[in-house]
Amino acid sequence: MAGEFRSKIAGIGSFLPEKVLTNFDLEKMVDTNNDWIVERTGIKTRHIAEPGVATSDLALQATQKALKMAGMTPHDLDMIIVATVSPDQMMPSTACTLQAKLGCRNIVAFDITAACSGFVYGLSVADQFIRTGMFKNILVIGGEVLHTLVNYEDRETCILFGDAAGAWILSATDASYPNIIMSSHLHADGNLGDLFVLPAGGSKIPFSQEVLDNKTQFVRMKGREIFKNAVRTMTECCHEALRANNVNPKDVDWLVPHQANLRILESVASHFEFPTEKVVVSLHETGNTSAASIPVAFDMAFQEGKIKRGQLILLAAFGAGLTSGSLLLRF
Ligand code: ACO
């Protein structure tokens, strides 16, 4: 290959656990109802992993599909990045656990914590390793078993989240190849970190009886504030990506945003002056699957024949941290 390297998307895959939790199921668990959930969020169902099934298990299923599409085996991989806020355990990383399950040779493996922006963060990091010529094939996962982090007595959060994993394999290609990652932009504003937190289980609040009594092992969210920031930040991210590439919104075939809430996606499309028909939406089936949401939505649209090879696609993410980011690619 010539001197300059870029990343092409060699393979993609996703996996949703079989078990489905509907809005009607939730009606029996908390004071909520299907109409409120659909009207305020767009979500109808979410998939939930069985007890004992961990993020690496979902990631493994998604990876096997991505490897098949890429025509690769685990031995072709040079690095594994897993974006997750629901790792199998605190240590070792889920990426190392996945590496062992895949039976890879001695390669680089690590996790990224950037919440719902994690997959875009992971792709951006992988793209840098490819651009420098250091690695050839990199597996990037967005995977979550979020139901374990959710308090099913808190109606404001438990209706939102689901479990899933998505996998992409990036491969080095010559810079003249047309279908590549064109740019990525990442952001974080830690000053707004208190809008969405999971307080316990780290070094600040280790596990104790008090944690269980106060339920601080579960996520806590200021929904309305998150909503406003999500719309503002994702709109800015969309503009930033197109400005950097001198691309007009009308030339973008699909916007694949983080799947948090249908009203957030509609507001972003409206502020970005982008047709809602070209916004990929999967949250009605999956709920918010955090780091898994973008690769899962992308793969579902690809399987449905909406997303096609050669199209120009914009990813936009937003999550706890607060983190955000965008990535423009020709698929
Ligand atoms: N069922 C019925 N009523 C509910 C429910 C529920 N599940 N949840 C809240 N309500 C009630 C509230 O108590 C409130 O009642 P009140 O008026 O008597 O006080 C009323 O509904 C309105 O509450 P709001 O919070 O104003 O509702 P809103 O329209 O903002 O919707 C929601 C809440 C869905 C959480 C919305 O704010 C949202 O989606 N925010 C973004 C959340 C998000 O994306 N979180 C993920 C973080 S980023 C990431 O993805 C990591």
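Modeller: Among contacts in the chain between residues at least 6 apart in sequence, 76% link residues at least 24 apart. Contact here means heavy atoms within 4.5 Å. One caveat: this is a predicted model, where local features need pLDDT of at least 70 and side-chain atom pairs count only at pLDDT 80 or more, while totals for chains, interfaces and linings use all residues. Residues are numbered from 1 along each chain as its sequence is written, and side-chain values use heavy atoms, with hydrogens and water left out.

Biologist: How many helices and strands does the chain have?

Modeller: The chain has 11 helices and 13 strands. They're DSSP runs numbered from the N terminus: H or I over at least four residues for helices, E over at least two for strands.

Biologist: And how does the radius of gyration sit against the value for a compact globule?

Modeller: The radius of gyration is taken over C-alpha atoms, and the globule rule is 2.2 Å times the number of residues to the power 0.38. With 331 residues, that rule puts a compact globule near 20 Å, and the chain's 19 Å agrees. Along the principal axes, the C-alpha atoms fill a box of roughly 60 × 45 × 35 Å.

Biologist: What share of the residues is buried?

Modeller: Of the 331 residues in the chain, 56% are buried. The cut-offs are under 20% relative accessible area for buried, over 50% for exposed, and partly exposed in between, with a 1.4 Å probe and protein chains only.

Biologist: Can you show me a residue of each kind?

Modeller: Take Leu328, which sits in strand 13. Its relative accessible area is 0%, which means that Leu328 is buried. Leaving out residues up to four places away in sequence, Leu328 touches Ile180, Ile181, Met182, Ser183, Ala241, Leu242, Asn245, Val247, Leu312, Ile313 and Leu314. Now look at Asp253, in the loop between helix 8 and strand 11 (254–257). At 27% relative accessible area, Asp253 is partly exposed. With the sequence neighbours up to four places away left out, Asp253 touches Lys278, Gln311 and Leu312.

Biologist: Next, helix packing. What should I look at?

Modeller: Two packed helices are described by the angle between their axes and the distance between the axes. Axes are lines fitted to C-alpha atoms, for helices over the stretch in contact, and angles run from 0 to 180 degrees between N-to-C directions. Helix 3 (residues 55–70) and helix 4 (residues 94–102) have axes 10 Å apart, at an angle of about 55 degrees. That makes helix 3 oblique to helix 4: under 35 degrees is roughly parallel, over 145 roughly antiparallel, 65 to 115 roughly perpendicular, and the rest oblique.

Biologist: Is the crossing of helix 3 and helix 4 left-handed or right-handed?

Modeller: Right-handed. A crossing is right-handed if the near helix is turned clockwise from the far one by less than a right angle, left-handed if anticlockwise. On the helix 3 side, the residues in contact include Leu60, Thr63 and Leu67; on the helix 4 side, they include Leu98 and Leu102. By class, that contact has five nonpolar, five polar and two charged residues. Ala, Val, Leu, Ile, Met, Phe, Trp, Tyr, Cys and Pro count as nonpolar, Asp, Glu, Lys and Arg as charged, and the others, Gly among them, as polar.

Biologist: At what angle do helix 8 and helix 9 pack?

Modeller: About 40 degrees, with the axes 9 Å apart. Helix 8 and helix 9 are therefore oblique to each other, and their crossing is right-handed.

Biologist: Last one: how do I read the backbone?

Modeller: Most residues other than glycine have a negative phi, and most peptide bonds are trans. Here a cis peptide bond joins Met91 and Pro92, with omega about 0 degrees, and another cis bond joins Gly321 and Leu322, with omega about -10 degrees. For phi, look at Glu273: it isn't a glycine, yet its phi is positive, about 55 degrees. Glu273 lies in the loop between helix 9 (262–271) and helix 10 (283–286), and its 70% relative accessibility counts as exposed.
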